Amino acid sequence: MNNDELFKNVTVVKDFSFAKNTTYACGGSADVAYFPETVKQATAVYDYLVSTGKKFIVLGNGSNVLASDKNFEGAIISTKHLRGVSQNGENCVFCYAGTTVSELLKFCIGAGLGGLEYLAGIPATLGGLTLMNGGAGGVYICENVINVMLYNGSILNFSNKKCNFGYKYSIMRDINCLILGVELRVFTQSSQKVRENISLYLERRKFHPKGASCGCVFKNRDSVSAGKLIEDCGLKGMSCGGAVVSEKHANFLINNGGSAADVYRLIGAVKQHVFERTGIMLEEEVVYIGDF
């Protein structure tokens, strides 16, 4: 089957809504989105977009992004349908980029595999989580990554070292590529114990603020919590339009039916206030899409 035939089998959505496909529940639309279900389909879409010169971005679950209210004159490659988990040897699992954390952990329970329970409750796909080196409670996905399969015209395999992981960072953020899948290190653990560990991590996360958000907006500064800095500046409850700094956790900026512009203005206002009062310029971990 050639690329043209593969491409015909890909789900295509015109006027892709960011409001319906990001956890911030706001933003405009993109001209078109492609939803490949296999590696061959994903690489065919990538090759097509590169050959046409059309601007495009890769999007997983949309849990750490803020998309502009303006139309994005380009395409989306959504990995949401590129899913699946398998065990590769005793201490390794492979998951495709669109696999969600909950799907991965369900597999781990069934297979009796531990080591990834700290991810419980994160509303992300494994591709996005690896790209951002996401995690929880001071533990990051880089500690489990063995290898990342990606594509930029040819399929490449990046070892953990080659990914150059840092705080909320990987080298994949700086290269034009499509993450296809990730190999993760695990260990044998009773299903019951894995289930218990997941419950413990979910219990910790239940105190996080509810509502449309991207989770924590700002990176911590060394040992200084961004949330504490914002709280100490008295900014809990600060709002811009429909966006508000959570009263529960100051590093969560909640969208209460507002626009992306509201959230963006609030992010800027929080940064400015914290800088004026502490001399510290906060840095976002949220990724912006489009023009603001």
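Predicted model: local features only at pLDDT ≥ 70, side-chain atom pairs only at ≥ 80, totals over all residues.
A charge is taken to sit over a ring if NZ of Lys or CZ of Arg is within 6 Å of the ring centre and within 35 degrees of the ring normal. Arg-204 and Tyr-201 provide such a case: the charged end of Arg-204 sits over the ring of Tyr-201, 4.8 Å from its centre.

Aromatic pairs were examined next. A pair of aromatic rings is described by the distance of the centres and the angle of the planes. The structure holds ten aromatic pairs. One of them joins Tyr-46 and Phe-56. The ring centres of Tyr-46 and Phe-56 are 5.5 Å apart and the planes stand at 80°; the pair is therefore edge-to-face, as planes over 60 degrees apart are classed that way. This pair links distant parts of the chain. Tyr-46 belongs to helix α2 (residues 39-52), Phe-56 to strand β3 (residues 56-59), and the two are ten residues apart. Both partners fall under the 20% limit for buried residues. Tyr-46 has a relative accessible area of 3%. Phe-56 has 13% relative accessibility.

Tyr-140 and Tyr-167 form another edge-to-face pair, with 6.1 Å from centre to centre and 80° between the planes. Tyr-140 lies in strand β10 (residues 139-140), whereas Tyr-167 lies in the loop between β12 (155-159) and β13 (178-185), so the pair ties together parts that are 27 residues apart in sequence. Tyr-167 is partly exposed, at 34% relative accessibility. Elsewhere, Phe-16, Phe-18 and Phe-35 are linked by ring pairs into a cluster.

Phe-7 also makes contacts across the sequence. The residue is found in helix α1 (residues 3-8). Beyond its neighbours up to four places away in sequence, Phe-7 touches Tyr-34, Ala-44, Val-45 and Tyr-48. Phe-7 and Gln-41 are separated by 34 residues in sequence, yet their C-alpha atoms are 6.2 Å apart in space.

Three strands form an open sheet, ordered β15-β16-β17, with antiparallel pairing. Strands β15 (239-240) and β17 (253-255) are the edges, and each pairs on one side only. Two bridges join β15 to strand β16 (residues 243-245) in the antiparallel sense. Within this part of the sheet, Ser-239 stands opposite Val-244 in β16. Helix α7 (residues 260-278) packs on the sheet. The helix touches β15, β16 and β17, and its direction makes about 30° with that of β16.

Conventions: Residues numbered from 1 in each chain as written. Heavy atoms only, no water. Helix = DSSP H or I, 4+ residues; strand = E, 2+ residues; numbered from the N terminus. Contact = heavy atoms within 4.5 Å. Pairing = 2+ DSSP bridges. Axes fitted to C-alpha atoms, helices over the stretch in contact; angles between N-to-C directions. Phe/Tyr/Trp six-rings, centres within 6.5 Å; stacked < 30°, edge-to-face > 60°. Buried < 20%, exposed > 50% of the residue type's maximum accessible area, 1.4 Å probe, protein only.
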